[in-house]
Amino acid sequence: MFSHNSFNKHRVRELKGRNITHRGPVVYWMSRDQRATDNWALTYSILKANELKVPLSVVFALSPSFPSANLRHYDFLIKGLAEVEQKLKSKGISFNLLQGEPAEQVWKFGERAEASLIISDFDPLFIKRKWKNLLNQQINIPHHEVDAHNVVPCWYVSQKLEFGAHTIRPKIKKLLSTFLTEFPDLSLQFKNEPNPHLTRWHEVMGWLNPSNDVKPVKNFIPGEKAAHEALNDFITNRLNGYSVRRNDPTLNGQSNLSPYLHFGQLSAQRVAFEVLKSSAPEADKQALLEELIVRRELSDNFCYYNPAYSNFSGFPDWAKETHRIHRFDVREYLYTLQEFELAHTHDPLWNAAQLELMHTGKMHGYMRMYWAKKILEWTTCPEEAMRFAIYLNDKYSLDGRDPNGYTGIAWSIGGVHDRAWPERPIFGKIRYMNFDGCKRKFDVGKYIKANLR
Ligand SMILES: Cc1cc2nc3c(=O)[nH]c(=O)nc-3n(C[C@H](O)[C@H](O)[C@H](O)COP(=O)(O)OP(=O)(O)OC[C@H]3O[C@@H](n4cnc5c(N)ncnc54)[C@H](O)[C@@H]3O)c2cc1C
């Protein structure tokens with residue numbers, strides 16, 4: 001039987017306090033990992049509640065002013081949470097939606113409930129770390145954090161900023177068999193009085209009143225159920241051939257799981273299990289695991305250990321130096337943020353990528369590199385390029401506002417996790433991409449046509 005001793009203690013760390021003094025429920029502050037299955041933070045919360053012989057309350061604190069969040073993001077989030085609430089209810093676990101400033105709301109909830117312990121899920125991004133610090137200043141009960149997003153916990157796999165995939169890969173591989181273990185199916189022993197009422201989700205959207213200039217998209221259905229269907233669809237129909245087809249933006253060759261992974265509606269560990277179990281060729285399985293585990297967990301490492309993950313000062317020294325030398329190179333084209341946003345550049349391929357992002361909520365992975373590098377080429381300086389790329393990515397992409405996005409943009413514009421390349425105007429030693437290179441790789445005309453509206 002899965003017990004407290006079977007839980008890998010390296011997934012957890014104490015953010016505050018040691019002694020449990022209160023006898024109220026364990027409170028799991030769900031934030032990054034918005035799912036009721038395959039969730040190590042929830043597993044740990046159930047184990048702790050059973051050990052302390054108290055009930056468990058899951059809370060989600062909804063901030064009306066989350067940076068860059070709009071109707072597209074809130075719609076995806078809220079529909080996903082409604083499903084989480086139903087699933088938790090069927091397990092006898094209460095779910096509470098808190099509305100307002102998150103740290104304050106969680107603190108007040110804990111006070112009212114006389115909570116014995118707060119458990120949260122790990123997120124390397126600045127805003128979540130700020131919320132947790134604020135909470136820790138208020139509470140006088142212990143607060144534990146569980147990395148439920150990475151297969152190997154971010155702080156455990158490495159204690160420093162990694163240079164690139166080649167330095168983190170061996171560290172992850174060494175620990176993979178220890179952490180890539182099946183999720184136990186646990187039951188809560190001491191249940192709350194069941195709350196007959198579910199959250200009135202339609203009223204929540206009214207309360208949030210998000211900016212509605214970016215509409216929800218039809219091609220991604222939110223929630224855990226849809227996430228598992230998307231995973232099955234990928235494994236059945238597209239994993240075979242993934243290693244080659246994923247690089248062609250005219251083919252539907254990627255998994256399209258990033259929105260679900262970003263919102264935590266799907267566990268990367270579950271994806272890894274299902275991929276490993278499948279009968280797809282080994283090269284395809286390994287290519288997917290490289291992106292899903294090594295590259296994704298490298299992004300968390302970058303954002304966790306580099307506080308300047310979203311700006312110029314986070315670039316490696318060689319990239320800062322090459323940008324210093326080429327800062328004043330003449331740009332043939334210069335665009336405003338609005339021209340970029342409206343896809344009004346001279347380049348139909350770039351415009352098509354921007355339109356794909358706006359209309360589908362996701363841009364093909366190969367095009368993301370081209371898109372960000374051209375923003376560097378057509379803005380006045382790398383600082384402006386970073387600002388524009390992050391603004392557009394976070395605004396339109398369902399998987400935006402994610403360590404992968406900040407890292408991918410810093411890779412494209414600031415050489416993060418990359419090496420120096422032969423020098424050329426504007427880019428200096430940053431890796432360059434151009435239209436002709438794309439033409440050699442895939443049918444550019446077909447991609448443009450598919451995204452023109
Ligand atoms: C400029 C730029 C911006 C990006 N912005 C984002 C973003 O906002 N959110 C985001 O999740 N990814 C981002 N990426 C990384 C990558 O392009 C996407 O993760 C991928 O295209 C998502 O589609 P998919 O799920 O179909 O990917 P698949 O190819 O099917 O990969 C499976 C999973 O592996 C992970 N992954 C794949 N490629 C990468 C990568 N290069 N780095 C880190 N993890 C990876 C993702 O979690 C992805 O869902 C960005 C890359 C660049 C160059």
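I looked up the separation of domain 1 and domain 3 and found their C-alpha centres 36 Å apart. Their contact takes 6 residues from domain 1 and 7 residues from domain 3, two residues being in contact if their C-beta atoms, placed from the backbone, lie within 7 Å. On the side of domain 1 that touches domain 3, I noted 3 nonpolar, 2 polar and 1 charged residues. In these classes Ala, Val, Leu, Ile, Met, Phe, Trp, Tyr, Cys and Pro count as nonpolar, Asp, Glu, Lys and Arg as charged, and the others, Gly among them, as polar.

I note that this is a predicted model, in which local features need pLDDT of at least 70 and side-chain atom pairs count only at pLDDT 80 or more, while totals for chains, interfaces and linings use all residues. Residues are numbered from 1 along each chain as its sequence is written.

For the bounds, I recorded domain 1 as 4-149, domain 2 as 150-184 + 222-305 and domain 3 as 312-451; they come from an automatic or database domain assignment.

Next I turned to the ligand. Which residues come nearest to the ligand? Of the 28 residues around it, they are Q254, S255, G365, G405 and G408; a residue counts as near if its C-beta atom, placed from the backbone, lies within 6 Å. Domain 2 and domain 3 each give at least three residues to this shell. I counted 7 nonpolar, 14 polar and 7 charged residues in the shell. Helices α10 (258-262), α12 (282-305), α16 and α18 (403-414) each supply at least two residues, and α18 gives the most, with 6 residues. Helices are DSSP runs (H or I, at least four residues), numbered from the N terminus.

I then examined α16 (residues 365-377) and α17 (residues 382-396), which pack at about 140 degrees with axes 8 Å apart. Axes are lines fitted to C-alpha atoms over the stretch in contact, and angles run from 0 to 180 degrees between N-to-C directions. The two helices are therefore oblique to each other (under 35 degrees is roughly parallel, over 145 roughly antiparallel, 65 to 115 roughly perpendicular and the rest oblique). A372, I375 and L376 of α16 meet P382, A385, F388 and A389 of α17, and the residues of this contact divide into 7 nonpolar, no polar and no charged.

Finally, I found that the axes of α17 and α18 come within 10 Å and cross at roughly 145 degrees. Their contact has 8 nonpolar, 3 polar and 1 charged residues.
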